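Hi everyone, thanks for coming. Let me put today's structure up on the screen so that we can walk through it together.

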Amino acid sequence: LLLIGSGAAESAEAGAGHAGKTVTPIAEITTEYTGKVATVRGVLTSERAFKAGVRYVMRDDSGEITLVLFERAQQGAPKLAVGATVQATGKVDFYKEQAQLVPARGVDLTLLAPPPPPSPSVALHTLSAADSGKRVTVTGMVVESAHFAAGFKFTLDDGSGRVRLVLFERTYDGLTGPEALNVGATVTATGQIDAFANELQLIPGGGSDVEIVAGARDLKDY
């Protein structure tokens, strides 16, 4: 369904979150839709926080689109997480030739199905740059920590290998008990694998993807 003009936008807002909308396949969202309102449905495959909100990649059988949620749109929105199936209504725009859908309010989002339960933790030595883009769960002990301009980095070691856990500020702020995330703590984290500057990184989408399972312990074996 393609709605044009201010009256259509008002109609979209009034009907947001209700059944009966015609869903547009993501692949059909071309530059002709720029500035117009559309409804799409798909699975959230990645999540990345930014200063003013959060971006999700939403994928259906035809393609993918970036779902941009500014802070105002997160108010009243269902709790979203990677792996969830979502229906979203919003204005279409394009950034660097990538289609984006920008809901105006939380009620423009409907959670159709929650994400599946997390997979068992994988051994860190089995991960490589070839796994970039994959979503995995790991468990390890924090052996190093550092601050950078956009958040924090923690090196996890499970005895078989290491990975850098990257927590952007919005993700860190969403942690339960962040004060316990210190060198020596044991952490289970689910996120997307990324290879950056010859370093393997794990980037969780939100604070709920990080669980601090044990406090600090002796590091002499590391």
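This is a predicted model: local features need pLDDT of at least 70, side-chain atom pairs count only at pLDDT 80 or more; totals for chains, interfaces and linings use all residues.

How big is the volume of the largest pocket? It comes to about 370 Å³. There are 19 residues lining this pocket, and those closest to its centre are Glu47, Tyr56, Gln74, Leu80 and Gly206.

Which elements each supply at least two residues of the lining? They are strand S1, covering 37–50, strand S2, covering 53–59, and helix H3, covering 169–173. As for the kinds of residue in the lining, 8 are nonpolar, 7 are polar and 4 are charged.

Now, on to the loop. Please find strand S4, at 85–95, and strand S5, at 98–102; Lys96 sits in the loop between them. Glu97 is in the loop between S4 and S5 too.

What can we say about the backbone here? Lys96 is not a glycine, and yet its phi is positive, at about 50°. Glu97, also a residue other than glycine, has a positive phi near 70°.

And are these side by side names buried or exposed? Lys96 has a relative accessibility of 69%, so it counts as exposed, because the cut-off for exposed is over 50%. Glu97 is exposed as well, with a relative accessible area of 79%.

That's my tour, and I'm happy to take questions.

How values were computed
Residues are numbered from 1 along each chain as its sequence is written. Side-chain values use heavy atoms; hydrogens and water are left out. On a 1 Å grid over the protein atoms alone, a cavity is a set of points where a 1.4 Å probe fits but cannot get out, and a pocket is an open set with protein on both sides within 12 Å along at least five of seven lines; lining residues have an atom within 4 Å of a point. Grid points are joined across faces, edges and corners, and a volume is the space filled by probe spheres set on the points. Helices (H or I, at least four residues) and strands (E, at least two) are DSSP runs, numbered from the N terminus. Ala, Val, Leu, Ile, Met, Phe, Trp, Tyr, Cys and Pro count as nonpolar, Asp, Glu, Lys and Arg as charged, and the others, Gly among them, as polar. Buried means under 20% relative accessible area, exposed over 50%, partly exposed in between (1.4 Å probe, protein chains only).
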